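My entries are kept in the order in which I made them.

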Amino acid sequence: MEVRARAPGKIILAGEHAVVHGSAAVAASIGLYTSVLLHLPSPEDNDDALTLHLMDVDLKFSWPIGRIKEILPHSVNNSASSPTTCCEETIKLILAVLEDSKKLESKIGIASGVVAFLWLYTSILGNKAAKVTVSSDLPLGSGLGSSAAFCVSLSGALLALSGSVEVDFDREGWVSFGEKEQQLANKWAFEGEKIIHGKPSGIDNTVSTFGNLIKFKSGVLTCIKSNMTLKMLITNTKVGRNTKALVAGVSERKKRHPDAMTSVFTAVDFISNEFASIIQSSSFSDDDDVIKKEQNIKELMEMNQGLLKCMGVSHASIETVVQTTVKYGLTSKLTGAGGGGCVITLLPALLSSAVIGKVIEELEQCGFQCLIAEIGGNGLEFR
Ligand code: MEV
């Protein structure tokens with residue numbers, strides 16, 4: 001018996017970090033996916049191991065199913081909340097396994113992902129043997145929601161085979177989950193995200209589960225029906241960083257300067273709300289109207305990037321992208337946790353492909369990687 005589930009990555013158009021402190025944020029799914037293949041052996045296979053194969057980093061883990069209780073004591077005894085307190089010890093164990101993989105840049109990220117995997121697996125499927133294979137189009141730890149896409153696709157695959165949600169396996173191609181199933185997968189994925197990131201807002205797993213464009217505030221999701229084709233260039237600075245540390249850094253700054261930081265978060269809330277209402281507004285009568293709206297979005301992005309600098313999460317590589325694109329009259333901001341990672345640049349509807357080509361060439365000469373992904377597609381799907 002097997003199922004494959006996939007979930008998309010995301011870009012945050014406005015409001016990252018501030019969303020952790022209660023401000024609104026706007027995010028969109030992107031057409032890059034993480035996919036999980038979950039295979040349950042039949043009883044005659046006599047398989048008593050849980051195997052995890054992370055294809056992109058070429059790592060394989062295998063645990064006798066009876067030993068997982070020892071590795072994650074809290075997971076089996078208390079599945080009501082994720083085991084943030086027992087993770088440190090487990091991460092050390094997994095880091096020891098990763099010790100040989102000298103080339104792996106984000107060992108801690110992978111180790112906490114493996115802990116999230118074990119916890120979600122045992123909490124949803126119990127102690128069944130299985131082979132789980134994970135592959136992804138998303139660069140790891142770069143702000144495009146790779147961990148959320150992992151937690152969402154894994155939760156979806158586990159729920160599909162646990163019998164706790166109804167799924168129709170007879171349909172052809174990728175199929176979306178029903179709303180109840182999506183809610184459940186999102187809830188589990190959020191627990192996984194907490195293991196990986198400490199105190200996430202939940203925006204990454206929510207947009208990965210439900211797809212499309214969303215506004216997210218204090219755990220509440222509002223779907224945005226965009227009346228505007230937003231085209232974004234995504235530049236990966238390839239500077240690695242740690243979301244958990246960056247989120248904690250912003251909270252520390254808030255503790256030191258509560259009034260100033262509260263004002264920063266309030267300003268971001270206004271920016272996100274205005275961003276959402278511009279893309280929803282239906283009055284795109286002519287080219288001039290589109291240009292005016294794009295101009296407003298550019299200003300909002302510029303202000304948001306300034307406020308992210310105030311939060312201390314920009315980086316020299318991000319500023320290089322901002323300054324390079326501004327030479328072509330374009331506006332960029334970091335997306336996700338910052339500190340490196342990815343930057344988005346609005347590509348206006350009337351911008352020529354020759355200019356886009358030149359910008360990409362210049363960014364690539366700086367050692368960055370550029371991509372133009374489709375935004376606002378489906379969320380969690382299975383087949
Ligand atoms: C990370 O993609 C977005 C942050 O706002 C963290 C979060 O919301 O959980 C930086």
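The entries below begin with confidence and end with strand pairing.

**Entry 1: conventions and confidence.** I worked with a predicted model, in which local features need pLDDT of at least 70, side-chain atom pairs count only at pLDDT 80 or more, and totals for chains, interfaces and linings use all residues. I numbered residues from 1 along each chain as its sequence is written. I looked up pLDDT, the predictor's confidence in each residue on a scale from 0 to 100. The mean for the protein chain is 90, and 90% of its residues reach 70 or more. Where pLDDT is low, I note that the predicted coordinates should not be read in detail. For the complex, the predictor gives an ipTM of 0.99 and a pTM of 0.92.

**Entry 2: overall make-up.** I found 12 helices and 13 strands in the protein chain; helices (H or I, at least four residues) and strands (E, at least two) are DSSP runs, numbered from the N terminus. Of the 383 residues in the protein chain, 48% are buried. I used these cut-offs: a residue is buried if 20 or more other C-beta atoms lie within 10 Å of its own, exposed if 12 or fewer, and partly exposed in between, with C-beta atoms placed from the backbone.

**Entry 3: domains.** The domain assignment gives domain 1 (2-223 + 378-382) and domain 2 (228-372); such bounds come from an automatic or database domain assignment. The contact takes 27 residues from domain 1 and 32 residues from domain 2. On the side of domain 1 that touches domain 2, the elements giving two or more residues are β1 (2-14), β2 and β7. The largest share of that side, 4 residues, comes from β1.

**Entry 4: ligand shell.** Which residues are closest to the ligand? I list Glu16, Pro200, Ser201, Gly336 and Ala337 as the closest of the 13 residues that surround the ligand; a residue is near if its C-beta atom, placed from the backbone, lies within 6 Å. The shell draws at least three residues from each of domain 1 and domain 2. Helices α7 (203-210) and α8 (243-256) each supply at least two residues of the shell. By class, I noted 7 nonpolar, 4 polar and 2 charged residues in the shell; Ala, Val, Leu, Ile, Met, Phe, Trp, Tyr, Cys and Pro count as nonpolar, Asp, Glu, Lys and Arg as charged, and the others, Gly among them, as polar.

**Entry 5: β7.** In strand β7 (residues 213-217), 5 of the 5 residues are buried. Leu213, Lys215 and Lys217 lie on one side, with Ile214 and Phe216 on the other. β7 pairs with strand β2 (residues 25-39) in the antiparallel sense over 4 bridges; I counted strands as paired if DSSP finds at least two bridges between them. Alanine 25 stands opposite phenylalanine 216 in β7. β7 also forms a hairpin with β8, with 2 residues between them, and serine 218 in the turn has a positive phi of about 45 degrees.

**Entry 6: β3.** The covered face of strand β3 (residues 49-54) holds Leu50, Leu52 and Leu54, while Ala49, Thr51 and His53 form the uncovered one. β3 runs antiparallel to strand β4 (residues 59-64), joined by 6 bridges, and runs parallel to strand β5 (residues 130-136), joined by 5 bridges.

Terms used. Two residues are in contact if their C-beta atoms, placed from the backbone, lie within 7 Å.
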